[in-house]
Amino acid sequence: MLCQTPGSEPSLIDCGALRVNARLPLAERLAYLYDGLRTLIERCQPSEVAVEEPFVAANVRSAMAIGEARALALLAAAQAGVPVCRYSPAEVKQSVTGYGRGSKGQVQEMVRLQLGMTEAPEPQDAADALAVALCHLARCRTNDMLREGTQT
């Protein structure tokens, strides 16, 4: 989770990943994730939520799991009345690394540098989420500048 006040650099509030026991039945894993997301939204009161569009590769099982988790995030945000912005993986990589096909390691290192962290964020999922947040903040800054430019 990041915060940014007008005219300042983004600052890290917290990051991490929800982990669930893979041996639990699917419905219980999804319920755990949903409850965790709802709790996080209640505790942090974000003004917006940014999510990455899924990248569908050859592994259908992974794509399904990502889709289910993403749907839970969208539902938790919608139920809390928090607007959601979506970004493609290429948009996120372009925004954070300057190259739309950057590697996971490059993304992780650029997140570390942009947030002034001494170590790269772990786990990788946390780094990915922070990259999406940085992409969103960059888009918001651009939109604000465009709005200001049309008002002059």
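Glu53, Arg70 and Arg86 are linked in a network of salt bridges, a salt bridge being a side-chain nitrogen of Lys or Arg within 4 Å of a carboxyl oxygen of Asp or Glu. This is a predicted model, in which local features need pLDDT of at least 70 and side-chain atom pairs count only at pLDDT 80 or more, while totals for chains, interfaces and linings use all residues. Residues are numbered from 1 along each chain as its sequence is written, and side-chain values use heavy atoms, with hydrogens and water left out.

Arg70 is buried at 17% relative accessibility, whereas Glu53 is partly exposed at 25% (buried means under 20% relative accessible area, exposed over 50%, partly exposed in between, with a 1.4 Å probe and protein chains only).

The structure holds six salt bridges. Another of them pairs Arg139 with Glu91, the closest N and O atoms being 2.5 Å apart. Here Arg139 belongs to helix 5 and Glu91 to helix 3, so parts 48 residues apart in sequence are tied together. Arg139 is partly exposed, at 35%, and Glu91 is partly exposed too, at 29%.

Then there's Arg112, whose side chain meets that of Glu109 in a salt bridge of 2.7 Å, N to O. Both lie in helix 4, three residues apart, or about one turn of the helix.

How values were computed:
Helix = DSSP H or I, 4+ residues; strand = E, 2+ residues; numbered from the N terminus.
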